[in-house]
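Look at the sequence and the model, then read the points below.

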Amino acid sequence: RPCRALPLTCRVERTFTAIKPDAVNRGLIGEIITRFERKGYKLVGLKLVRPTQPLAETHYAELASKPFYPSLVQFLCSGPVVAMCWEGKDVVRTARKMLGATNPLESDPSTIRGAYAIDVGRNVVHSSDAVSTAEREIALWFRPEELVEWAPTSLQWIYE
Ligand code: IDP
């Protein structure tokens, strides 16, 4: 999808990022959103959701065979989640780097999980692991009209 404010050859991506109930309860919403804003990514979707069990099960369907799947689904439904869609160059891969490793103790302390989490089942944030996953997850969590098309005035200061 070409973005008008960027050279036509630069195709932008979108990813689905979620602040999990542990981070919402711990007051980390602002810290996590700030990292994506300061990086230069554009927020195109944002809402507070109390996930239903079917939503959580579908979101983590690829992990259904794992022993931790029931507790993972229960955890995601245990409180509010901040569902976000971020847009920008290479955002899927870069957001994963910003999150750090799945196990926070293996994450570099400069990453979100490395800075704010200890246990794998309380790792504060989710972000899609591939462009195709992002498309599925954005469609699962957002209605099309909830995604906002806009051009930040800062774009020319972020992209050359
Ligand atoms: P990711 O969130 O880094 O993409 P996935 O392997 O997709 O990692 O796992 C989804 C989520 O399931 C993780 O973020 C973590 O909260 C949880 N999880 C993954 N592996 C384990 C485990 O071995 N025990 C408990 N929870 C786990």
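The points below cover the ligand site and then the aromatic pairs.

This is a predicted model. Its ligand sits in the largest pocket.

**Around the ligand**

- The residues surrounding the ligand are Lys20, Tyr60, Leu63, Phe68, Leu72, Arg96, Thr102, Arg113, Val120 and Asn123.
- Sorted by class, this shell has five nonpolar, two polar and three charged residues.

- Arg96 places a polar side-chain atom 2.7 Å from an oxygen atom of the ligand.
- Val120 uses its backbone: an N or O atom there lies 2.9 Å from a ligand oxygen.
- Lys20 has a side-chain N or O atom 3.0 Å from an oxygen atom of the ligand.

**Aromatic pairs**

- The structure holds three aromatic pairs.
- One of them joins Phe16 and Phe142 in an edge-to-face arrangement.
- The centres of these two rings are 6.3 Å apart, with 70 degrees between the planes.
- This pair links distant parts of the chain, as Phe16 and Phe142 are 126 residues apart.
- Phe16 belongs to strand 1 (residues 13-19).
- Phe142 lies in the loop between helix 7 (131-141) and helix 8 (155-158).

Note on methods. Residues are numbered from 1 along each chain as its sequence is written. This is a predicted model: local features need pLDDT of at least 70, side-chain atom pairs count only at pLDDT 80 or more; totals for chains, interfaces and linings use all residues. Side-chain values use heavy atoms; hydrogens and water are left out. A residue is near a molecule or strand if one of its heavy atoms lies within 4 Å of it. A polar contact is a pair of N or O atoms within 3.5 Å; within protein, one must be able to donate a hydrogen and the other to accept it, and residues adjacent in sequence count only if both atoms are side-chain atoms. On a 1 Å grid over the protein atoms alone, a cavity is a set of points where a 1.4 Å probe fits but cannot get out, and a pocket is an open set with protein on both sides within 12 Å along at least five of seven lines; lining residues have an atom within 4 Å of a point. A molecule sits in a cavity or pocket if more than half of its atoms lie within 2 Å of its grid points. Ala, Val, Leu, Ile, Met, Phe, Trp, Tyr, Cys and Pro count as nonpolar, Asp, Glu, Lys and Arg as charged, and the others, Gly among them, as polar. Rings of Phe, Tyr and Trp (its six-membered ring) pair if their centres lie within 6.5 Å; planes under 30 degrees apart count as stacked, over 60 as edge-to-face and the rest as tilted. Helices (H or I, at least four residues) and strands (E, at least two) are DSSP runs, numbered from the N terminus.
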